[in-house]
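This briefing covers one protein chain, shown below. Please read it beside the sequence and the 3D view.

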Amino acid sequence: MQLLTFDFEDDYSLIGIHSTEEDYKLAYLLNKHLKTKFNRCKQHLDFQNSNAEFPLFEYKDEHNFMNYYLINNKHIQYVNSNEIGGLFGGNYSTTSYLIPEKKNVDFFLKIEGGDHENYIQKTINNLKKINQIITSYSIELSTLKTKDHLIF
């Protein structure tokens, strides 16, 4: 008896973006400079057993059969310790990450479809031209332990 195995290859590319802008402002800048049409999704990415929600913006380029997703990597939750019976009072925050092994990345740009290698490099070069973006670079999916968080 022969066992069939499947090697599921990731059918998307991932770009890490460093920027101090708010997610809606970054989506606006991408629309302006990349000629995309990102819209905020009504649903956020969230996970069971977690209070963290990650805003999601999407653009479906039906002409080129490509889907783009802009995802915030950080969720900051502010807590007033007086409300939960804290001993010392005051406020504090906790930060959750969509991809914890990439804590320094502020946003991810997930691109599905299309001719990846040349197109991704061209997109990265265009992102680097935006003044509000500190840097951007391709992320090798095989290096991610929690890449299943990007399946939606």
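In the hairpin of S5 and S6, four residues lie between the strands, and Phe65 takes a positive phi near 55° there. This is a predicted model, in which local features need pLDDT of at least 70 and side-chain atom pairs count only at pLDDT 80 or more, while totals for chains, interfaces and linings use all residues. Residues are numbered from 1 along each chain as its sequence is written, and side-chain values use heavy atoms, with hydrogens and water left out.

- Helices (H or I, at least four residues) and strands (E, at least two) are DSSP runs, numbered from the N terminus.
- Phe65 is found in the loop between S5 and S6.
- Phe65 is exposed, with a relative accessible area of 71%; buried means under 20% relative accessible area, exposed over 50%, and partly exposed in between (1.4 Å probe, protein chains only).
- S5 and S6 run antiparallel and are joined by six bridges; two strands pair if DSSP finds at least two bridges between them.
- Across this pairing, Asp61 stands opposite Met66 in S6, and Phe57 stands opposite Leu70 in S6.
- Lys35 also has a positive phi, near 60°, and is a residue other than glycine.
- Lys35 is found in the loop between H1 and S2 and counts as exposed at 65% relative accessibility.
- Most residues other than glycine have a negative phi, and most peptide bonds are trans.

**Overall layout and sheet**

- The protein chain has two helices and ten strands.
- From the N terminus on, these elements run β-α-β-β-β-β-β-β-β-β-α-β.
- Six strands form an open sheet in the order S2-S5-S6-S9-S1-S10, with antiparallel pairing.
- S2 and strand S10 (133-139) stand at the edges with a single partner strand each, so one side of each is left without a neighbour in the sheet.
- S6 pairs with S9 in the antiparallel sense over six bridges, and Ile71 stands opposite Phe108 in S9.
- S6 is mostly covered, with six of its seven residues buried.
- H1 lies across S1, S2, S5, S6, S9 and S10, running at about 150° to S6; axes are lines fitted to C-alpha atoms, for helices over the stretch in contact, and angles run from 0 to 180 degrees between N-to-C directions.
- Of the 152 residues of the protein chain, 38% count as buried.
- Among contacts in the protein chain with a separation of 6 or more, 62% join residues 24 or more positions apart; contact means heavy atoms within 4.5 Å.

**Nonpolar cores**

- A nonpolar core is a set of buried Ala, Val, Leu, Ile, Met, Phe, Trp, Tyr and Cys residues joined through side-chain atoms within 4.5 Å.
- The largest nonpolar core has 20 residues, and those with the most contacts inside it are Ile15, Ile17, Leu30, Phe38, Leu70 and Leu127.
- Strand S1 (12-19), H1, strand S5 (56-61), S6, strand S9 (107-112) and helix H2 (116-128) each supply at least two residues of this core.
- H1 gives the largest share of this core, four residues.
- A second, separate core has 15 residues, including Leu14, Leu56, Ile71 and Ile99.
- In soluble globular proteins, nonpolar side chains tend to be buried together.
- Leaving aside neighbours within four places in sequence, the contacts of Ile17 include Leu26, Leu70, Phe107, Leu127 and Ile133.

**His18**

- His18 lies in strand S1 and counts as buried at 13% relative accessibility.
- Not counting residues up to four places away in sequence, His18 touches Asn104, Val105, Asp106, Ile133, Ile134, Thr135 and Tyr137.

**Aromatic rings**

- Rings of Phe, Tyr and Trp (its six-membered ring) pair if their centres lie within 6.5 Å; planes under 30 degrees apart count as stacked, over 60 as edge-to-face and the rest as tilted.
- By this rule there are four aromatic pairs.
- One of them is the edge-to-face pair of Phe38 and Tyr68, 6.4 Å centre to centre with 80° between the planes.
- Phe38 lies in the loop between helix H1 (23-34) and strand S2 (39-40) and Tyr68 in strand S6 (residues 66-72), so the pair ties together parts that are 30 residues apart in sequence.
- Both Phe38 and Tyr68 are buried.
- Phe38, Tyr59, Tyr68 and Tyr119 form one aromatic cluster.
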